[in-house]
Amino acid sequence: MKIWRHGPGIVQLQILIWIAVLLLIFFSLLPMDGFLKSVLYTLVNTTSYAVIIYGNILILYPLFYQKKKFVWYGLLVMIFLVITGVLRGYATVVLYRHFLLIKAVPVSFLTLLNYVPGGILIYILSLVFRISIAYFTLKQQTEEIMLQKSQAELNLLKSQVQPHFLFNTLNNIYYKVYKVDPRSAGLIERLSDIMRYFVDESPKDLVPVTTEVQFIENYMELEKIRIRHGATINFEKAYNPELRIPPMLLMTFVENIFKHGIDRSAPDNQIHLSLVQKDGTLVFETGNALQDIPAGPAKEGFGLKNLEKRLTLLYGTRFELHTARTGSLFHASLKIPLV
């Protein structure tokens, strides 16, 4: 049974290092000082080394050096090394007196200061220790990312099987229905295009604006069959066909029209759409009549709030998003930069 299936982690690696340090100091002292004296000296010195190393990399370095408080960092390091050196010397004397019964002359503060220079080397090693921890942490994170990437690629391959099977099935149904009812076959084709858009295009960072418009038109045609008397849609387009935009930016407005702004039993549903490129921006506007809804301030739903958050991530403050209700008319507009 393996203790660490994927190799030791950062904590386990540090434990192994400190065990190695303890054993190295102990066995180097054992031939000259005996068992008990070697144990005491090893514990005192290893503890002082650990205090210096972790005191620097966990407290002093991040709180002062990384925040560019270099003077404070230098002063506190010197004070820290003096305190740990003095305490190390004092602990050594006390342990020798109580456990080894060695009678020593009173120790002065100057004598205890002789233990300070040894801490300077440990302080330098603490910087190396910190770099090593950062390296192994980064290496471990990289391995985890690569593992997640491999798993994501495997899941993607698995997920592509069912959509492709569904697309092929829809195509077969399309050819069967086309012989009997061409209009219904056309709706099946639009549904297939919508599903293909979600699978192939929506995960991308940018898609051709023509692809986005085709997706919107397919969606509207499918929504129209749910309206008893249909709907009149006027879609103005004036843009460079080679233009590319983030996917699903325009869909929220169109979805809201059919979700909140259509009376499915009314005979005169009017929808106006405009997508125009001008002055380095792309402007998308929608307008529709609201049936039997009192005038007042427009209420933004979750769709618009989520859209605004996404726009902020994409463009910062370089976009304009407006919605307004005037009487029984609802108007929405979105302007995004193209550079």
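Predicted model: local features only at pLDDT ≥ 70, side-chain atom pairs only at ≥ 80, totals over all residues.
Residues are numbered from 1 along each chain as its sequence is written, and side-chain values use heavy atoms, without hydrogens and water.

Helices (H or I, at least four residues) and strands (E, at least two) are DSSP runs, numbered from the N terminus. Among the buried residues of H6 are Val 209, Val 213, Phe 215, Ile 216 and Tyr 219, where buried means under 20% relative accessible area, exposed over 50% and partly exposed in between (1.4 Å probe, protein chains only). The cover of these buried residues includes helix H5 (182–201), strand E2 (232–238) and helix H7 (251–260).

Arg 88 is located in helix H2 (residues 70–99) and counts as buried, at 12% relative accessibility. Apart from its neighbours within four places in sequence, Arg 88 is in contact with residues including Tyr 41, Asn 45, Tyr 49 and Tyr 115; contact denotes heavy atoms within 4.5 Å. By comparison, Ile 15, in helix H1 (residues 10–65), is partly exposed, with a relative accessible area of 46%.

Strands E6 (residues 320–326) and E7 (residues 329–337) run antiparallel and are joined by 7 bridges; pairing requires at least two DSSP bridges between two strands. His 322 has Ser 333 in E7 as its bridge partner. The two strands form a hairpin with 2 residues between them, and Gly 327 in the turn has a positive phi of about 60 degrees.
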